[in-house]
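Hi there,

Here is the structure I promised to pass on to you. Have a look at it first, and my notes on what turned up follow below.

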Amino acid sequence: MEDFIMFLLFATVICLPTTMIPEVLGGNVLVFPHGGSHWVNMRVLIEELHSRGHNVTVVRAADSWYISQTSPHYKSITLDVAVGANDTFFHHFVTEVVKIKRHQGNAWSRFGLDSELKNNFYELHRKICEAIVHMFENEDLMESFQDSKFDIVLTDPANGGGVLLAHRLGLPLVFNARWTVHGEAHFAVAPSPLSYVPLPPSELSDKMNFIERVKNLLFYIMRMHLYKQVVGPHYSAVVSRYFDQDTDYFSLFQAADLWLMRVDFAFEFPRPTMPNVVYMGGFQCKPAKPLPEHLEEFVQSSGEHGVIIMSLGTLIAELPQDLADQIAAAFAKMPQKVIWRYKGAKPATLGNNTLLVDWMPQNDLLGHPAIKLFVSHGGTNGIYEAIYHAVPIVGIPLVFDQADNLSRLRAKGVAKFLDISELDSKIFQKAIEEVLNEPLYALNMQRLSRLHRDAPIKPMDSALFWIEFVMRHKGAAHLRTESYRLPWYSYHSVDVLLFLIAVVFLVLLGFVVLVWSCFRLCVKRKEKSD
């Protein structure tokens, strides 16, 4: 009898952990990605989903920029359409921005360039909507989607393709998000008081004075108007054609089951959020792997001074020659060794301490103990790798959200950034020396890194858990607010406020009428008595 009891206890102990682990079966995930650097983030998620036994299918355009048609981690469905989101325009755009900023181009030149960017995004979303119509009108393709029994649609809401496809198929919708077609993603799903929540890319902080709050409000109004001009006509036409004509296209974005945000509050300013928002900032960061032999030898040769690394991202392959010479001249005067990712012509002022490379293992370098400083353009991936490995930053922002990203790090005392219009060798060298020699930059970054890492669950594990949660429960409607269904005047209680004002007015009016009637009655009685 005692042996039997011991057997039961042993069996219970062995089986209990398995009953506490949620059942995870290989699911079918349909991915509608966004190109460019956004694909880098999505690919990391896809690889992890594949490693956990999920079947991933990626929808791509025929002219996709980075998204390969073949991969060991996913199957692809290539649409016979050209979206036109290639890197040629963006390389041209960034190059022109640099020229205008450095040579103090007039306002008309910058206006013309901004108009060109606006028109390019207008065309991009028009072509995405053409791709959506192409899918919806292809009966065989839509039938194959239905037959594949997908569990969820995973998409980047920087375009609306995955949003409309998920609603068309009636599937749960998960976002891998930092931006939507209307700007920063929080503003689509969470309360965002403009008094202390700065709208990217305003470069403001959460501590705004009156003038800054005015700027933030005006910035918000202008940006929302711009976004609606650029994307509204295209998505509205598709939604009215295939969905209820009274449906606002952006409400389909707001109805997403889960928002995986590529930030966390080590980077983001404190702000309101929602139950279906999951923060996975730095989910792509990993411990450093050993460097290639030639890089390790170069890094080790730096001695006690250490190494500076520099990368301005994929959009900047080269700089104007005079600017590259100024940067190289500043590096040549530094006691540190420098690894610079640069594809342009060799600067004439390049020092013996500087190694030019076409590509570098950025995460592995940042994780090397010899790395003292990261010179960056301020892209989200790079700054999170710097936070993860506790490397302070000197930033040279060029376009889009880069200056705003760096302004957030500057507010936390871990970065200094420079305006490219004022950049020369002296200013650049001074900024590098300040960050290297002022201990607070390194100390603040170490503290930020500890805050970022000190979490009960790793960002990637959290993201995967919630994706599988949505698969298991066929959505997450219980976490999603229905406030997006309210008209703006109901959301802000304008109608309630007007009603209460009307009630107070009527009560006061009634009181005034009553007092006036009493006064007249008293006057009449007095006249009669006289």
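The protein has 19 helices and 15 strands, and please keep in mind that this is a predicted model. Its C-alpha atoms fill a box of roughly 115 × 80 × 60 Å along the principal axes. Of the 530 residues, 48% are buried. Among contacts with a separation of 6 or more, 64% are between residues 24 or more positions apart. The accessible surface is about 26,700 Å², and carbon and sulfur atoms account for 58% of that. As for charge, there are 49 positive and 55 negative ones, and their mean positions lie 7 Å apart.

On to the strands, starting with the sheet of seven.

This open sheet runs in the order β3-β2-β1-β4-β5-β8-β9, with parallel pairing. At its edges stand β3 (75-79) and β9 (277-279); each has a single partner strand, so one side of each is left without a neighbour in the sheet. From one strand to the next, the twist averages 20°.

Strand β1 covers residues 28-32, and four of its five residues are buried, so the rest of the structure largely encloses it. Its link to strand β2 (residues 55-61) consists of four bridges, and the two run parallel.

How many of its five residues are buried? Five of the five are, so β5 is largely enclosed by the rest of the structure. In a regular strand, side chains alternate between the two faces of the sheet. Here, Leu173, Phe175 and Ala177 point one way from β5, while Val174 and Asn176 point the other way, and all are buried. That includes Asn176, in case you want to pick it out when you turn the model around. Strand β4 (residues 152-155) runs parallel to β5 and is joined to it by three bridges. In one of these pairings, Val153 has Leu173 of β5 as its bridge partner.

Now the sheet of six strands.

It is also an open sheet, ordered β12-β11-β10-β13-β14-β15, and the pairing is parallel. The edge strands here are β12 (354-357) and β15 (415-417), each pairing on one side only. The twist in this sheet averages 15° from one strand to the next. Helix α10 (residues 293-300) packs on the sheet, where it touches β10 (307-311), β11 (337-341) and β12. The direction of α10 makes about 145° with that of β11. Further along the sheet order, strand β13 (residues 371-376) pairs with strand β14 (residues 393-395) in the parallel sense, over three bridges. To locate that pairing, look for Phe374, whose bridge partner in β14 is Ile393.

A few places in the loops are also worth a look while you have the model open.

Leu350 is in the loop between β11 and β12. Which residues does Leu350 contact, once neighbours within four places in sequence are set aside? They are Ala328 and Leu356. Leu319 is 31 residues away from Leu350 along the chain, and their C-alpha atoms are separated by 14 Å.

Pro200 and Pro201 are joined by a cis peptide bond, with omega at about 0°. You will find Pro201 in the loop between α7 (186-189) and α8 (210-242).

For Ala390, phi is near 60°, and the residue lies in the loop between α13 (380-389) and β14.

Best wishes

Technical notes. Residues numbered from 1 in each chain as written. Predicted model: local features only at pLDDT ≥ 70, side-chain atom pairs only at ≥ 80, totals over all residues. Heavy atoms only, no water. Buried < 20%, exposed > 50% of the residue type's maximum accessible area, 1.4 Å probe, protein only. Contact = heavy atoms within 4.5 Å. Areas by Shrake-Rupley, 256 points an atom, 1.4 Å probe, with all protein chains shown as cover. Lys, Arg positive; Asp, Glu negative; His and termini not counted. Charge placed at Lys NZ, Arg CZ, Asp CG, Glu CD. Pairing = 2+ DSSP bridges. Axes fitted to C-alpha atoms, helices over the stretch in contact; angles between N-to-C directions.
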